Each structure stands twice: as structure tokens, then as C-alpha cells.
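Thanks for coming, everyone. Let me put the model on the screen, and then we will walk through a helix, some rings and a charged residue.

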Amino acid sequence: MQKNNYSTIIDFGSTELRLGVFDDKLSKLFFKSKKISEKNNYEEYSKSINILIREAEKKVSTHIENITVLYDTSKINTIDLSIKKKIDQSTPFEDVCSSIVLEANQLIKDCYINKKVIHLIIKKYIINNKEFLNLPDKIPKLNSLILELKFICLPHNQYKNVFDTFKKNNLEVVNFFSSSLVK
């Protein structure tokens, strides 16, 4: 069975759905949009997605199962957080970073139980009191590490509504992005 080398992306806007199918060279195979008359009416979104997907499947002559979703809403929140770790032993940098990210994720989950993290961005690394916006090529021996993190969150119920809309149409959301962040 031949693997389909295409990507399907839908911009899940408040007043319009835009669906594009692109080949592996990012050439557009299909593009169409559909107006949404009633904001947050997920039944209307579901029907419109079904129509767009069927038209795209006819055009590209294959079944679409996976989709990347671009989504924005005024309900998106950002949470900034800094966590510092003092290092007493020679612990690999990646392990310390992973530990900080896991701890930060758990803090957000515990403190914002009605939010779903959709993006996590490391804004700054402070290694031994020296600031880096990007990871340095050569990481010095660690004495301390501070990660400045930004979490982009969506209310759980909205996140669930969007995912359920695609699930009803037998589509698996493989990527979910804030369209403002992507732009």
C-alpha cells in the first residue's frame, strides 16, 4: 500500500473554515473555505468540515484521516514562569531541562485545572547567571540553570469541543497550533 505524502491543514476560524491539502513539496493540491454563520456552533462546524473534507478527498483522490488544526480564540491565555535549579553534581544538561519542563508542566496542570497547554516555549536559558535566548553551542559545566517558559493555554472545554468536532468526522488531529503563534 502506497503512503500518501500530503498534509491537510484546517484553519478553524470563528467565522470561516479554511482547508488546504499540500503535497510533500508544499504545493497546494486543494484549497477551499466555508463561512460559519454561528460562532461556537460546533454542529455547524462539524457539518462544514465534513463538506470540505469530502470535496478535498474527491480532488486529491484519497481518504483524509489526519489533520493539522490552526485555532485561535480570545480565550487563549499565556502563562509565564521561571524555574531555577541549582546543580550539585554533573547532571547532563538535557536531564536538567527535562526535569524543569516536567515540573513546570505539573505546576500549570495543578494551578490551572480548567486549562489545556497547547504550546510551551522556552523563552530564555540562564546558565550560571549568563543569559541565552537560544541554546549555546557549547554548554558550560552547570552550576545553576533558569528556564524562562511561556505556556499557551486554552480552556479545556473549548479544546475538547474542537477535538470532538474532528473526531465526529473520523479525523485524527495530529497537530494543534495557535494560528496567531504560527503566523
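First, a term: buried means under 20% relative accessible area, exposed means over 50%, and partly exposed is in between, with a 1.4 Å probe and protein chains only. Next, the ground rules. This is a predicted model, where local features need pLDDT of at least 70, side-chain atom pairs count only at pLDDT 80 or more, and totals for chains, interfaces and linings use all residues. Residues are numbered from 1 along each chain as its sequence is written, and side-chain values use heavy atoms, leaving out hydrogens and water.

Now the rings. Rings of Phe, Tyr and Trp (its six-membered ring) pair if their centres lie within 6.5 Å; planes under 30 degrees apart are stacked, over 60 edge-to-face, and the rest tilted. The whole structure has 10 aromatic pairs. Take Phe12 and Tyr71. Their centres are 5.4 Å apart and their planes sit at 55°, so this pair is tilted. Phe12 is in strand β1 and Tyr71 in strand β4, so the pair ties together parts 59 residues apart in sequence. Strands here are DSSP runs of E, at least two residues; helices are runs of H or I, at least four; numbering goes from the N terminus. Buried or exposed? Both Phe12 and Tyr71 are buried.

Tyr42 and Tyr45 make another tilted pair, with 5.6 Å between centres and 35° between planes. They are three residues apart in helix α1, about one helical turn. Ring pairs join Phe12, Tyr42, Tyr45, Tyr71, Tyr159, Phe163, Phe166 and Phe176 into a cluster.

On to helix α3, residues 156–168. Its buried residues are Gln158, Tyr159, Val162, Thr165 and Phe166. Seen down the axis, they fall within an arc of 125°, so they line one face of α3; that arc is taken from the directions from the helix axis to the C-beta atoms. The face turned away carries exposed Asn157, Lys160, Lys167 and Lys168. After α3 comes Asn170, with a positive phi near 55°.

Last, Glu44, in helix α1.
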